[in-house]
Amino acid sequence: MATPMLQPVADALSPPLRASMLASLAVGALLDEAALAPKPGLVDARGSGAHTDLTLALMRTSAHSLRPAFAAMAAAALEAGVPDQSLRERLGALGREAEVTMMAATRGINTHRGAIWCLGLLVGAAALASTHDARTVAAIAAAIAGHADRHRPAHTGNKGELACRVYGVSGARGQAEAGFPHVMHHGLPTLHASRARGAAEPSARLNALLAIMATLDDTCVLARAGREGLAHMQAGAAAVLEAGGVGTVCGRRQLRALEAGMLARRASPGGAADLLAATLFLDRLSSHDDVRCNDIHGD
């Protein structure tokens, strides 16, 4: 099946400036995800959540360190022009280099390995797309992810990879190959619906995170807390949304119960956090296009 709308989006930016813009949007999404609070089990402005080695300052340092990598991924896609195996392998190589950069910036602590995969694909896809509509970008990202990377290590030893084997879930790779269904069918729709109801932006973003958590087989949670921990996360996140979301008194009460259970289990939904960052990136991307079009037409 042909990948839709593959020519780079037409605008006045040169390829280096376009690559820099996409990198800035990706880093901005990571910074917004990190600062958002209160996130159950995750690092935010209140503290380290279920982690003992992470802080908000470290998450910010990590995000900023990835800007050159995201720019290089966008530039590689602009040069390639098509979502073929060669591009997949180039993005894979740049992603592995980005992990090294991240680890140097964080002194060996994994802060954004999953986000490098998700956002790297989406940045590359956005560089190829003729429109920054979220569905188009996600479809192109899926086309890239569907190719094999012959240079990828057979086993990385990452906890997420181990959780995929032990629990039979698809993890971040499956999300990308399927076109990021939890972003497209849960994160973005909930973000937009919450805004339409008049929710404050932090509440809308938290509701989007919870919508992802309610159905995602999060490998970070599975690795830390097993099936029982995953069931607690999914049921608790769904309960918050059923109570009206985090902007309601009942929803906040359910959110506190969810967080208490996750902290007791040392469960951190890192996979959901990565997909929230992907959600915010695609949302920023479409908003950026709207602003640019208004500027061009003088609206």
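Which residue's backbone oxygen lies 3.1 Å from a polar atom of the side chain of H132? Select H132 and look around: the oxygen belongs to A126. Before moving on, note that this is a predicted model, in which local features need pLDDT of at least 70 and side-chain atom pairs count only at pLDDT 80 or more, while totals for chains, interfaces and linings use all residues. Residues are numbered from 1 along each chain as its sequence is written, and side-chain values use heavy atoms, with hydrogens and water left out.

**Stop 1: around H132**

H132 lies in the loop between α5 (113–128) and α6 (134–145). Helices here are DSSP runs of H or I with at least four residues, numbered from the N terminus. H132 counts as buried because its relative accessibility is 1%; buried means under 20% relative accessible area, exposed over 50%, and partly exposed in between, with a 1.4 Å probe and protein chains only.

**Stop 2: S62 and its partner**

Now pick S62, in helix α2. At 0% relative accessibility, S62 is buried too. Show its side chain together with that of H112, and you'll find a polar contact of 2.7 Å joining the two. (A polar contact is a pair of N or O atoms within 3.5 Å; within protein, one must be able to donate a hydrogen and the other to accept it, and residues adjacent in sequence count only if both atoms are side-chain atoms.) Leaving aside residues up to four places away in sequence, S62 touches M102, T106, T111 and H112, where contact means heavy atoms within 4.5 Å.

**Stop 3: along α4**

M102 and T106 are among the buried residues of α4, so highlight residues 85–106 next. The end C-alpha atoms of this 22-residue helix are 31 Å apart, which agrees with the 32 Å it should span at 1.5 Å a residue; the expected span is 1.5 Å times one less than the number of residues. Other buried residues of α4 include L87, L91, L94 and A98.

Just after α4 comes R107, with a positive phi of about 60 degrees. Most residues other than glycine have a negative phi, and most peptide bonds are trans. R107 sits in the loop between α4 and α5 and counts as exposed at 79% relative accessibility.

**Stop 4**

Jump to R266, in the loop between α12 (249–265) and α13 (270–297). R266 isn't a glycine, yet its phi is positive, about 55 degrees. For a cis peptide bond, zoom in on A37 and P38, where omega is about 0 degrees. P38 belongs to the loop between α1 (15–35) and α2.

**Stop 4: a charge and a ring**

Show R173 and W117: the charged end of R173 sits over the ring of W117, 4.6 Å from its centre. To count, NZ of Lys or CZ of Arg must be within 6 Å of the ring centre and within 35 degrees of the ring normal.

**Stop 5: cysteines and α10**

The structure holds zero disulfides, a disulfide being a pair of cysteine sulfur atoms within 2.5 Å.

Finish at α10, residues 201–213, where eleven of the 13 residues are buried, including L206, L209 and I212.

Conventions
Helices (H or I, at least four residues) and strands (E, at least two) are DSSP runs, numbered from the N terminus.
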